[in-house]
Amino acid sequence: MYVKVEDLREGNVLLDDVMGKTPVPLMAKETTLTSWHIEILKAFLINEVAITEGPSMEMTVEKEVTEEKKDYQAAPPSVKQTDFFQNYLQSVEEHNKEFQKWRAGGGIDIVKIREIILPLLERVISNPELLLELINYAEKEKYFSHHAISTGLLSGGMAVQLNYEKGTIVQAALAGTLADCGMAKIDPRILLKEKALTAGERKEIHDHPLASYKMVKDISLLKPETKLAIFQHHERMDGSGYVNGIKGDKLLPVSRIVALADVFHAMTTDRPYRKRQLPFKVLEMFREDFFGQFDLSVVKSLTTLFTKLPAGTVVQLSDGQVATIVFMKQQYPTRPLLQLQKSETILDLEKRRDLYIEKIL
């Protein structure tokens with residue numbers, strides 16, 4: 001039977017899927033309604049729904065499962081996650097040692113680089129949610145090593161989302177990891193400078209993709225397109241990048257992936273000359289402020305990596321409020337429907353453009 005939403009009671013069971021203005025059901029049939037579900041229906045302006053007659057005896061069970069889920073989300077990171085980040089920090093240390101060797105004139109040990117990045121990549125492919133936490137571990141003192149590892153993992157993760165075969169996924173990760181190896185050839189005082197760069201210093205920075213390419217061009221374990229991606233990682237689809245200002249189809253697919261991964265990590269971590277920005281805000285900037293500079297399919301792949309968040313995920317907003325994700329929107333994946341934990345009111349981020357998800361709790 002059909003019942004108006006305002007007349008629903010906890011324990012009612014949906015007879016059919018409830019469709020909102022979304023391509024997937026807002027709620028699936030046989031869902032046992034709680035006060036939380038009813039608030040969501042009201043928020044989506046659903047007038048009436050079909051329910052089975054009589055309350056469900058499963059109500060108590062569902063409440064218990066919900067409480068268990070809350071307890072789980074409030075718990076410390078799992079051993080599995082903790083182990084990953086210990087391995088990540090160890091990889092940063094290992095990369096930093098290699099970076100110092102490059103500064104001293106040494107060549108790239110590609111076998112060592114593979115040993116540093118590939119075990120982490122396997123973990124990220126199986127658990128992409130781990131990428132959400134990487135930006136919280138970056139240190140200014142070892143920025144280039146954090147940046148290299150994270151750019152490599154992001155590049156590999158995006159290649160997975162774009163359905164590339166494993167060999168290309170590995171090459172994308174290696175390209176991301178080695179894209180800034182040429183920074184080892186730049187005066188450290190320039191890299192750590194907090195004031196505006198001179199024209200000469202800016203040119204030296206802009207030449208680092210060429211320095212990176214020279215360091216990798218003779219490595220047989222890297223494919224030619226991987227080496228070119230390292231050289232092209234500061235080029236842009238609209239021709240506004242450097243070193244050569246090429247654009248469009250002249251940018252290889254892996255080049256487009258590494259370019260986006262490089263900028264995303266740089267913008268979401270603290271630098272000597274500026275503070276980091278919120279990742280969900282940066283994802284929106286790629287679609288709006290930087291429209292035309294990056295391949296839209298690559299932007300979508302990065303957005304997917306960071307917005308595969310199930311209902312029930314707890315987040316902190318840019319104003320400090322804590323909320324639970326109610327519904328992820330396919331059209332606006334960075335702006336889901338939330339329920340504020342303190343007031344239990346429903347908040348639609350699509351309508352609150354002043355707020356962003358700051359981090360996943």
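Visitor: Thanks! Which residues in H13 are buried?

Guide: In H13 they are Pro279, Phe280, Val282, Leu283, Glu284, Met285 and Phe286. Buried means under 20% relative accessible area, exposed means over 50%, and partly exposed is in between (1.4 Å probe, protein chains only). Before we go on: this is a predicted model, where local features need pLDDT of at least 70 and side-chain atom pairs count only at pLDDT 80 or more, while totals for chains, interfaces and linings use all residues. Residues are numbered from 1 along each chain as its sequence is written, and side-chain values use heavy atoms, with hydrogens and water left out.

Visitor: What makes helix H13 "mostly covered"?

Guide: Of the 9 residues in H13 (residues 279-287), 7 are buried. The buried ones pack against H12, H14 and strand S7 (357-360). Helices (H or I, at least four residues) and strands (E, at least two) are DSSP runs, numbered from the N terminus. The protein has 14 helices and 7 strands.

Visitor: Why is Glu94 called buried?

Guide: Its relative accessibility is 18%, and the cut-off is under 20%, so Glu94 counts as buried. Glu94 sits in helix H3 (residues 79-103). Leaving aside neighbours within four places in sequence, Glu94 is in contact with Lys112 and Ile116, where contact means heavy atoms within 4.5 Å.

Visitor: And Lys185, why is that one "partly exposed"?

Guide: Lys185 has a relative accessible area of 42%. That value falls between 20% and 50%, so Lys185 is partly exposed. You'll find Lys185 in the loop between helix H7 (166-178) and helix H8 (188-191). Setting aside neighbours within four places in sequence, its contacts are Trp102, Gly105, Gly106, Glu204 and Met215.

Visitor: What makes the pair Lys185 and Trp102 close enough for a polar contact?

Guide: A polar atom of the Lys185 side chain lies 2.9 Å from the backbone oxygen of Trp102. A polar contact is a pair of N or O atoms within 3.5 Å; within protein, one must be able to donate a hydrogen and the other to accept it, and residues adjacent in sequence count only if both atoms are side-chain atoms. The distance of 2.9 Å is therefore within the 3.5 Å limit.

Visitor: Why are H6 and H14 called roughly perpendicular?

Guide: The axes of helix H6 (residues 143-161) and helix H14 (residues 296-306) cross at roughly 105 degrees and come within 9 Å. Axes are lines fitted to C-alpha atoms, for helices over the stretch in contact, and angles run from 0 to 180 degrees between N-to-C directions. Under 35 degrees counts as roughly parallel, over 145 as roughly antiparallel, 65 to 115 as roughly perpendicular and the rest as oblique. So H6 and H14 are roughly perpendicular to each other.

Visitor: Which residues of H6 and H14 meet?

Guide: From H6, Leu154, Gly157, Met158 and Gln161 meet Val298, Ser301, Leu302, Thr304, Leu305 and Phe306 of H14.

Visitor: Which residues have the most contacts inside the largest nonpolar core?

Guide: Leu153, Leu178 and Leu302, in a core of 81 residues. A nonpolar core is a set of buried Ala, Val, Leu, Ile, Met, Phe, Trp, Tyr and Cys residues joined through side-chain atoms within 4.5 Å. Helix H12 (residues 253-267) gives the most to this core, with 10 residues. Not counting residues up to four places away in sequence, Leu302 touches Leu154, Met158, Leu260, Phe264, Leu283 and Phe286.
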